[in-house]
Amino acid sequence: MQKLYLLVPLAPLLGSIIAGLFGRLIGREWSHRVTIGLVFVSLLASIVIFMDVLEGNSYNGTVYTWLMAGDTRFEVGFLIDQLSATMMVVVSLVSLMVHVYTIGYMHDDPGYQRFFSYISLFTFSMMMLVMSNNFLQLFFGWEAVGLVSYLLIGFWYTRPTAIYANMKAFLVNRVGDFGFLLGIGMVLAYFGTLDYVSVFVQAPEIANEKIELISGVPWFVITLICILLFIGAMGKSAQFPLHVWLPDSMEGPTPISALIHAATMVTAGIFMVARMSPLFELSDTALSVILIIGGITTLFMALVAVVQNDIKRVVAYSTLSQLGYMTVALGASAYSAAIFHLMTHAFFKAVLFLGAGSVIIAMHHEQNMQKMGGLKAYMPITYWTMFVAALASAGVPGFSGFFSKDAIIEAVHFANIPGSSFAYFCVLVTVFVTALYTFRLIFMTFHGKPRMDKHTQSHLHESPWVVTVPLVVLAIPTISAGWFIGSMVFGDYFNNVIHVLPQHDAIEKLSAEFTGIGAMMLHALTTAPFWLSIGGIFTAWYLYSARTDIPAKIRARFGLIYNILDRKYYIDELYSWFFAGGTRALGTTLWKFCDIKIIDGFFVNGAARMVVLTASMVRRYQTGYIYHYAFSMIVGILIILTFWLY
Amino acid sequence: MLSDFPLLTLIIWLPIIFGIAVLATGDDRNASFARWISLTGAILGFLVAIPLYTNFDIATGAMQFVEHRTWFERFNVNYHLGVDGISMPLILLNCFITPLIVVAGWEVIKVRVSQYLGAFLIMSGIVNGVFSSLDAILFYVYWEASLIPMFLIIGIWGGANRVYAAIKFFLYTLLGSLLMLVAFIYLYQASEGSFSIEAYHKLPISMTPQILIFIAFLLAFAVKVPMWPVHTWLPDAHVEAPTGGSVVLAAILLKLGGYGFLRFSLPIVPDASHYLASMMIVLSLIAVVYIGLIALMQADMKKLIAYSSVAHMGFVTLGFFFFNAYGIEGAMVQMISHGFISGAMFLCVGVLYDRLHSRQIADYGGVVNKMPIFAAFFMLFAMANAGLPGTSGFVGEFMVIMSAVQISFWYAFLAATTLIFGAAYTLWMYKRVIFGAVASPAVESLQDISKREFALLAILAIAVLWVGVYPFPLTEVMHTTVEQLLIHIGNSKL
């Protein structure tokens, strides 16, 4: 079994190396064959491991010692349990589908082999992240997925927008990682180890320890640790105010938007917090922060999605909002619900993105929905799979998104820590907004009259099988993944993995009420989320299918609000003025003034000039005339004599 | 048999003898002969250093491969050599870099070839001498001698403003080290006639002289590292130096300063070191934050990397003065890693400079379109420079930050800003130079790297990844020595 664990990350790594270093040698065909084959191996191994975990087995062991410093061993190792096994299957399945899809999407791209190398490298990094049994390796995976994300956003490196977006993504993530690394440092300082299990065992012992960051203001150490770790999650999972990189990351090719910026990498933060549940449970303050940040992200990012016209940007803002849902769930101590939504979201969002990509190919790389319409007739498979995903996204009963989202909303409803009522309000309103923007996308793209030019219209056709097969394969769990809510959220699936304190009993209360998915669906008909969702779909239909003249009027009437949403609350402008501009101004001042003028100009070269000056003055005494020297000798003798005499 | 073999003498003198032989080949008609002798000498120099690692006893913190011969009996000056877990990795680094320098200058240097290569070989031997001397005067001789080849390299093969830079480099470092000599003379008196560094380690000294000695050492070592605010010679020296000179300067010569702190300041005057630790930490943190911000705004690639060197060396001095194992081992790893990464970064700039004769970022743009292989290497080294896990750049910074948290959260907070600044200045430069559409006809004419350049960068890439993925063998050798050093500096000498 242990060899199988190694196979899961190493197979894609091997694929990445082969396609990356020898891609030109083996050609396009073999590059995708090798990488897809090896990711498939990884998927098979993940499934075998998952089955093994279902039987109740788990594993926690070291692969090798990375470093010894002092008395501490830093190791590379695996922790295989329900949580990591679930993630492994989700990651390798979505990754495999995206690999296949890429054959079609990147068909004519000169960087074909490079692309396969990157996405396989991503799969390796993500596996290292989820399989880790310690913080160090977690950080390695964390940064490695960030690197691949950087490389892939900037994949088309001649586009100015792409190379701006990838640097922005990396730097904003680094801000998160800054907090994350400090959090890891605090863990090491207080627990003396970075091994998960040892840390979790000791956690209750330091629950009451305090630290004074500013003297006189004591903080619970555990709160500080959790908030620092969560800052890392905010970067990676794009939570407000570190969310700004994700919409721009859409500059990358669509397959990676699906794989990295929707289904897997961005959920790393959610996964991490769930993994650290024994720590987060000890700090109500940290949980409150998480609830509020999650609530803000959920609602305000969903609102932005409503006014976007770029099909990928709509899905990107939708991702932000859905990540907000997961974050809110974490804050409400509903970790299992968060992971469950992570899983269902991975499937339905991958379908939405890959579907959007399929549309983009058909439209000859046109992404503006205002130039689409009526595509349903030309692309039935894309349409129906995306329609199913939209239903899941909007939370219509029966589809996967319904179960996971409903569990989150109910859990927040039951939560009793500060901030939970705000978060409840946010997630509830967002149900309506989600249904609205998702079906706005469906109606604008697939229904109504075609708005594209004649030339594009005459070329419209369904995408090839390498594109549609992944859509269909992923559509299956988009419908059905939710049916496992009984065991995964309300059952004992995560029992030994996720720890919840008795006073944070939201999920426990929900479990008591849960009697089966049928009853859950029936019950939903009597609750607000269901009607909000139906209302959202109906509104979308009315505005974007029945009375398409209304949206323009609304926009004219509420110009200010429209502008604020369209400019994404002006946050990008603020950051680029304050942070980017401020740092550059500070750097220039320090350089031109402190370094050049003061240190080098005044002290260093000033000292040199002083030497020259003094020397040129002293030189005047060396005149070379004997009578000058004789004169000064006489004066000297006189002075000495005076001293002797008195 | 092996224990009696003068291995260190061989490691020091083999490159020097080869260097003299190269000089003897004379003018440029024999240039290719000079190149081949140099390469042979440099590779042999590396090969003879390998037993240092394979026969190293990791269980002891005592000096190994010790050689002891009388030099000046009258003043009790000895030819006393030996290495421990601190100096051994640095010697290996030096011997590893030297062949790369020879290859880096292979086709690039066309005038006074024999003198150029000879200077590097001789310097390589001298630097090995610095790292293995156990006698203060012997150390001082090697220390000052190492200035001369570098002075010539900048002054003769450098850029337009080379004379200013060479003299600034020479005077600055010379002034710093004179006070170190004064400290040695004081210690000679205090120890009643000994120049043995190991004897100094055991010598009790009261507080005031300890502080004075610390400051004397500080001036010598801080200039070399260089620490803020005595760093301004470095950007000038780097900008004017030829590629090989920059590589040796960054990869090797800066390490002399770091090594000095570990061999002299901490163990000889531990109480003063503790007393002045917070000052040292503040200076190091300024180097990390302030220099990081300055690096961001540089328009000249070499200046940018030079400033980034100062910031990275800030981590070295920072790690020393937390007085714990993470810090000192982290600082040691950082020194080795910086040797690989800064060397590689300067080689990358050299590759571009050799083609377009410009170091200005603004003159480039879209290089990846013409030099994809080069761009891939440069990406790796840029990421290593930004401290990405999996590369050697991460290991040292990580350990020093872990060490800082143990002392104070705010120290760690400031140190960790390198995660942001380091990434910002490196990737912003990378973006402007490498990415984008082809920016000019000059860029359009670029050819991708040759086999020679490929080999150089590939060797460094392997080193960077190896230390990043599996640093254990590297820290293993320094472990016992650092442990003993920590115990030693934990005991007061008052």
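Two residues are taken to be in contact if their C-beta atoms, placed from the backbone, lie within 7 Å. By this criterion, residues 24 or more positions apart account for 80% of the contacts in chain B with a separation of 6 or more, and the corresponding share in chain A is 81%. The model is a predicted one, in which local features need pLDDT of at least 70 and side-chain atom pairs count only at pLDDT 80 or more, whereas totals for chains, interfaces and linings use all residues. Residues are numbered from 1 along each chain as its sequence is written, and chains are lettered from A, with ligands numbered from 1, in the order in which they are written.

With helices (H or I, at least four residues) and strands (E, at least two) taken as DSSP runs numbered from the N terminus, chain A has 28 helices and 4 strands, and its C-alpha trace spans about 120 × 65 × 60 Å along the principal axes. A residue is described as buried if 20 or more other C-beta atoms, placed from the backbone, lie within 10 Å of its own, as exposed if 12 or fewer do, and as partly exposed in between; on this scale 55% of the 646 residues of chain A count as buried. In chain B, 62% of the 494 residues are buried, and the C-alpha trace spans about 70 × 55 × 40 Å along its principal axes. Chain B contains 23 helices and 2 strands. Its radius of gyration, 22 Å, is close to the 23 Å that the globule rule gives for 494 residues, so chain B is as compact as a globular protein of that length; here the radius is taken over C-alpha atoms, and the rule is 2.2 Å times the number of residues to the power 0.38.

Between the two chains, 41 residues of chain A are in contact with 44 residues of chain B. On the side of chain A that touches chain B, at least two residues each are supplied by strand E1 (59–69), helix H5 (135–153), helix H6 (160–191) and helix H27 (571–619) of chain A, and H6(A) gives the most, with 15 residues. By class, this side of chain A has 27 nonpolar, 8 polar and 6 charged residues, where Ala, Val, Leu, Ile, Met, Phe, Trp, Tyr, Cys and Pro count as nonpolar, Asp, Glu, Lys and Arg as charged, and the others, Gly among them, as polar.

Within chain B, helix H3 (residues 87–104) and helix H15 (residues 325–356) pack at an angle of about 5°, with their axes 10 Å apart. That angle makes H3(B) roughly parallel to H15(B), a description used for angles under 35 degrees, whereas angles over 145 count as roughly antiparallel, 65 to 115 as roughly perpendicular and the rest as oblique. The axes are lines fitted to C-alpha atoms, for helices over the stretch in contact, and the angles run from 0 to 180 degrees between N-to-C directions. From H3(B), the residues B:Pro89, B:Leu90, B:Leu93, B:Ile97, B:Leu100 and B:Ala104 meet B:Met332, B:Met335, B:Ile336, B:Gly339, B:Gly343, B:Leu347 and B:Gly350 of H15(B). The contact between H3(B) and H15(B) comprises 10 nonpolar, 3 polar and no charged residues. Helix H13 (residues 277–296) of chain B is mostly covered, with 14 of its 20 residues buried.

Several local features were also identified. B:His201, located in helix H8 (residues 197–202) of chain B, counts as partly exposed, with 17 C-beta neighbours inside 10 Å. Apart from its neighbours within four places in sequence, B:His201 is in contact with B:Pro267, B:Ile268 and B:His488; B:His201 and B:Lys493 are 292 residues apart in sequence but 9.3 Å apart in space, C-alpha to C-alpha.

A cis peptide bond, with omega near 5°, leads from A:Phe240 to A:Pro241, the latter lying in the loop between helix H8 (221–236) and helix H9 (245–248) of chain A. In chain B, the bond joining B:Val225 and B:Pro226 is likewise cis, with omega about -15°, and B:Pro226 is placed in the loop between helix H9 (207–224) and helix H10 (233–240) of chain B. B:Arg112, although not a glycine, has a positive phi of about 50° and is found in the loop between H3 and helix H4 (113–132) of chain B. Phi is also positive, near 55°, at B:Glu192, which is exposed, with 9 other C-beta atoms within 10 Å.
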